[in-house]
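Below is a set of questions and answers on a single protein chain.

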Amino acid sequence: MMSQNNSMTPIQSVLKIDPVVFDELSFQRKGFENKSADVQTNLGVTRQVTKISDGQYRVTVQAIATRQDEYVAKVQISGFCSIDENLENKDAILNNNAVAILFAYVRSQLTLLTSQPGTSPIVLPVMNIAKMIEESEKQSQD
């Protein structure tokens, strides 16, 4: 029989997010559901990382989904992060990892918001959110 080693040290994350809060949840109806194939849902996602103090950051992710003449749905979430200020990849962890963690909540809430009577819900697939935000930010700068 193999002996079990109970002295294993739990792995500590370099990033702690606590608390996580929704800043804004809104659904504004503009009209009735348009089932035409040429009407698309436009999704814009932005992120913001704000330093509160040494090792303390607020990471905010906002998603706005728009269907022309039908609705505008908005979800904004903030995570308050603790991270070692001396980490070489601190910015990448905040801009990519923290955003990816928070975006899971955004995806779920966006589905709930758009699950209204007379509306087809948005069900976003799992995606590379960091790349999507970079592309969205490039488009908004152009």
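Q: Which element gives the largest share of the nonpolar patch?
A: The model is a predicted one. Its nonpolar surface patch of about 410 Å² is made by Val 20, Phe 22, Leu 25, Ile 101 and Tyr 105. Two elements give two or more residues to the patch, strand E1 (15–29) and H1. The largest share, 3 residues, comes from E1.

Q: What is the relative accessible area of Tyr 105?
A: Tyr 105 is a member of the nonpolar patch, and its place is in helix H1. Patch members need over 30% relative accessible area. Tyr 105 is partly exposed, and its value is 42%.

Q: Which element gives the most to the largest nonpolar core?
A: The largest nonpolar core has 27 residues, of which Val 45 and Val 61 touch the most other members. Two or more residues come from each of strand E3 (56–67), E4, helix H1 (90–113) and helix H2 (129–141). With 9 residues, the element that gives the most to this core is H1.

Q: With which side chain does the side chain of Gln 76 make a polar contact?
A: Gln 76 lies in strand E4 (residues 71–83). Gln 76 is buried because its relative accessible area of 18% is under the 20% cut-off. Beyond its neighbours within four places in sequence, Gln 76 is in contact with residues including Phe 22, Glu 24 and Thr 60. At 2.8 Å, the polar contact of its side chain is with the side chain of Gln 62.

Q: How many residues apart in sequence are the parts that Glu 24 and Lys 74 tie together?
A: The side chains of Glu 24 and Lys 74 meet in a salt bridge (3.3 Å, N to O). Glu 24 lies in strand E1 and Lys 74 in strand E4, so the parts tied together are 50 residues apart in sequence.

Q: Is Lys 90 buried or exposed?
A: Lys 90 forms a salt bridge with Glu 85, with the closest N and O atoms 3.3 Å apart. A network of salt bridges links Lys 51, Asp 54, Glu 85, Lys 90 and Asp 91. Lys 90 has a relative accessible area of 11%, so Lys 90 is buried.

Q: What is the omega of the cis peptide bond that joins Asp 18 and Pro 19?
A: Most peptide bonds are trans. The bond between Asp 18 and Pro 19 is cis, and the place of Pro 19 is in strand E1. Its omega is about 5 degrees.

Q: What is the phi of Asp 69?
A: Asp 69 lies in the loop between E3 and E4, and at 58% relative accessibility Asp 69 counts as exposed. Most residues other than glycine have a negative phi. Asp 69 is not a glycine, yet its phi is positive, at about 60 degrees.

Technical notes:
Residues numbered from 1 in each chain as written. Predicted model: local features only at pLDDT ≥ 70, side-chain atom pairs only at ≥ 80, totals over all residues. Heavy atoms only, no water. Helix = DSSP H or I, 4+ residues; strand = E, 2+ residues; numbered from the N terminus. Buried < 20%, exposed > 50% of the residue type's maximum accessible area, 1.4 Å probe, protein only. Polar contact = N/O pair within 3.5 Å; in protein donor to acceptor, adjacent residues only side chain to side chain. Contact = heavy atoms within 4.5 Å. Core = buried A, V, L, I, M, F, W, Y, C linked by side-chain atoms within 4.5 Å. Patch = residues over 30% accessible without salt bridge, like charges linked within 9 Å, V, L, I, M, F, W, Y side chains within 5 Å. Areas by Shrake-Rupley, 256 points an atom, 1.4 Å probe, with all protein chains shown as cover. Salt bridge = Lys/Arg side-chain N within 4 Å of Asp/Glu carboxyl O.
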